[in-house]
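Hello,

Here is the structure you were to receive. My notes on it follow below.

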Amino acid sequence: MKDLRPSRVRLGRGGDLEIRFRHNCFKHDEDLLVRYTGVSRFQSGVLGSCDPASLGDVILDEILPGPAGCTHELACRPGTLVVACRDLVAEWIPADCPDAVPRA
């Protein structure tokens, strides 16, 4: 997830949550969609903003076991995200990336 950027947070039914991470054309040509089920905690540490894009690029992420599932902790520039949930699923989503570097 390094160098992806949170771009959208969407609440779903029954305590579910989706976070879409925007690609970085120099490293990825797809976005990443993470779906969290059974969310018991969502914490965003962005000073002065509630826009997820203001979190900046992901520099570190960890999925840690918890009593009721797991926590997904993300350190970004200059903010943080923490999601405690029962489970999560990640999916790569095709994205328009006109600045992509051709791969050999």
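In what follows, buried means under 20% relative accessible area, exposed means over 50%, and partly exposed is in between. By that cut-off Glu-18, with a relative accessible area of 15%, is buried. Please keep in mind that this is a predicted model.

Salt bridges: the count comes to six. Glu-18 takes part in one with Arg-10, at 2.7 Å from N to O, and Arg-10 is partly exposed at 43%. Glu-18 also meets the side chain of Arg-35, where the N to O distance is 3.2 Å. Because Glu-18 belongs to strand 2 and Arg-35 to strand 3, this pair ties together parts that are 17 residues apart in sequence. Arg-35 is partly exposed, with 33% relative accessibility. Through shared partners, salt bridges join Arg-10, Glu-18, Arg-35 and Glu-91 into one network.

Another salt bridge links Asp-3 and Lys-2, at 4.0 Å from N to O. Of these two, Asp-3 counts as buried at 13% relative accessibility, and Lys-2 is partly exposed at 48%.

Nonpolar core: the largest one has 16 residues, and those touching the most other members are Ile-19, Phe-21, Val-34, Tyr-36, Val-83, Cys-85 and Leu-88. At least two residues of this core come from each of strand 2 (17-22), strand 3 (30-37), strand 6 (69-76) and strand 7 (80-85). In soluble globular proteins, nonpolar side chains tend to be buried together.

What is Cys-85 in contact with, leaving aside its neighbours within four places in sequence? The list is Tyr-36, Thr-37, Gly-38, Val-39, Ala-68, Gly-69 and Cys-70.

Regards

Terms used: Residues are numbered from 1 along each chain as its sequence is written. This is a predicted model: local features need pLDDT of at least 70, side-chain atom pairs count only at pLDDT 80 or more; totals for chains, interfaces and linings use all residues. Side-chain values use heavy atoms; hydrogens and water are left out. A nonpolar core is a set of buried Ala, Val, Leu, Ile, Met, Phe, Trp, Tyr and Cys residues joined through side-chain atoms within 4.5 Å. Buried means under 20% relative accessible area, exposed over 50%, partly exposed in between (1.4 Å probe, protein chains only). Helices (H or I, at least four residues) and strands (E, at least two) are DSSP runs, numbered from the N terminus. Contact means heavy atoms within 4.5 Å.
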